[in-house]
Amino acid sequence: MRSEARPQLSGLERFASAGKGRGLRARRRFAVGELLLSCPAYVAVLTVSERGSHCDGCFARKEGLSKCGRCKQAFYCNVECQKEDWPMHKLECASMCTFGQNWQPSETVRLTARILAKQKTHPERTQSEKLLAVKEFESHLDKLDNEKRELIQNDIAALHHFYSKHLDYPDNAALVVLFAQVNCNGFTIEDEELSHLGSAIFPDVALMNHSCCPNVIVTYKGTLAEVRAVREIEPGEEIFSSYIDLLYPTEDRNDRLRDSYFFSCDCRECTTKEKDKEKLEICKLNDPPSAETVKDMIKYARNVIEEFRRAKHYKYILCLTLTPLVELLEICELSLEKMGAVFEDSNVYMLHMMYQAMGVCLYVQDWEGALCYGQKIIRPYSKHYPSYSLNVASMWLKLGRLYMALKNRTAGVKALKRAIAIMEVAHGKDHPYISEIKKELEDH
């Protein structure tokens with residue numbers, strides 16, 4: 001495990017991690033909450049639904065943003081932000097004018113278009129690539145099945161359809177590799193409540209390997225990724241983040257890792273499976289359900305989660321009408337009733353559907369309904385997730401804001417302070433999100 005002859009950041013080095021390929025290693029001790037690494041986005045795209053509330057260039061959340069005079073669809077803090085983003089926005093501006101409402105490439109396509117443009121205008125190594133260059137990204141091309149290859153070809157067709165004027169295309173084989181690299185190495189930028197803001201490429205952050213027992217957490221300040229320690233890290237220790245939601249049991253986590261990243265995790269959590277029993281807690285009945293009944297209910301739970309995801313995509317995101325939202329809430333309630341005959345409320349599959357139900361309630365502004373679900377979720381979340389989890393922080397934050405909206409200031413203050421305590425470690429004490437939450441406390 002000798003270090004490679006690569007550039008180093010202060011206190012960190014790229015090295016060959018046994019059984020994992022490239023990795024990131026500490027060269028000194030890092031304390032809990034300490035910043036290890038900051039990485040500006042190589043490229044980033046704001047999700048379409050957040051246009052008008054966030055700057056397309058820096059992702060700042062502001063009122064009174066100025067729109068692009070040509071396409072009228074991109075918004076900016078000021079002229080400086082607009083000028084800085086123009087080399088990327090010009091890829092889309094004319095096309096957005098031409099296609100109007102029919103301009104709808106996926107974020108993956110938009111991100112890939114920007115990578116192609118960036119590689120042409122900045123062939124040299126950028127500030128985002130001190131330890132790992134975009135061209136070094138793993139593609140796992142040999143592991144792609146026919147379905148994934150077909151999806152990539154659809155993305156390539158969309159790239160050609162929506163982009164032409166400002167792009168030089170490599171051949172199809174090179175585009176397949178690039179899309180595969182983006183799929184494995186792209187990041188989702190989220191706000192303080194874990195709402196989706198956009199997608200980005202952070203090369204140096206992508207160097208970190210995965211563990212279900214991570215020692216760092218990645219958060220975002222606009223289009224800047226920041227990596228902070230969530231436990232003490234000693235010199236020589238490898239830096240691990242988590243690529244996936246850690247709520248679920250070992251088998252589910254590894255299914256997700258194999259499907260999206262083409263590997264299985266061998267961390268302590270996956271080896272011992274010590275949290276699985278609590279995560280899959282069964283009702284305490286005089287006549288407990290049989291092993292076969294439990295197995296069938298787990299299968300049902302996995303299927304209904306996938307069904308809900310599809311329904312959410314087609315009905316919630318695309319339609320956004322009251323009837324589909326009611327249907328989604330019914331799916332949640334019916335599945336919770338069925339699973340509740342076998343699973344405790346603290347079972348992760350119950351928590352998943354409660355979280356989805358809470359989201360629907362929030363969308364239709366049913367504050368009491370959302371609060372009821374949130375109150376059931378928070379304690380099991382705190383038990384199942386690692387310390388300083390963003391999922392736990394965002395749930396305390398949502399609860400705090402719901403309590404405040406329902407005039408329960410005492411409970412609201414307590415919940416918001418719990419969120420802040422986690423976020424000060426994960427985001428850093430000077431993060432704008434924390435300042436905003438503290439202002440909410442002062443205003444109430």
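Author: Glu92 sits in helix H1 (residues 79–99); helices are DSSP runs (H or I, at least four residues) numbered from the N terminus. This is a predicted model: local features need pLDDT of at least 70, side-chain atom pairs count only at pLDDT 80 or more, and totals for chains, interfaces and linings use all residues. Residues are numbered from 1 along each chain as its sequence is written, and side-chain values use heavy atoms, without hydrogens and water.

Reader: Is Glu92 buried or exposed?

Author: Buried means under 20% relative accessible area, exposed over 50%, partly exposed in between (1.4 Å probe, protein chains only). Glu92 has 1% relative accessibility, so Glu92 counts as buried.

Reader: Which side chains make a polar contact with the side chain of Glu92?

Author: A polar contact is a pair of N or O atoms within 3.5 Å; within protein, one must be able to donate a hydrogen and the other to accept it, and residues adjacent in sequence count only if both atoms are side-chain atoms. Here the partners are Arg110 (2.9 Å) and Tyr163 (2.9 Å).

Reader: How is the size of an interface given?

Author: Often as the accessible area lost when the parts come together. The probe is 1.4 Å, and the loss is summed over both parts. Domain 2 and domain 3 bury about 650 Å² between them, 50% of it on carbon and sulfur atoms. Leu247, Tyr248 and Asp252 supply 67% of the area that domain 2 buries against domain 3.

Reader: With which residue does Asp252 form a salt bridge?

Author: A salt bridge puts a side-chain nitrogen of Lys or Arg within 4 Å of a carboxyl oxygen of Asp or Glu. Asp252 pairs with Arg302, the closest N and O atoms being 2.6 Å apart.

How values were computed
Buried area = accessible area lost by both parts, 1.4 Å probe. Helix = DSSP H or I, 4+ residues; strand = E, 2+ residues; numbered from the N terminus.
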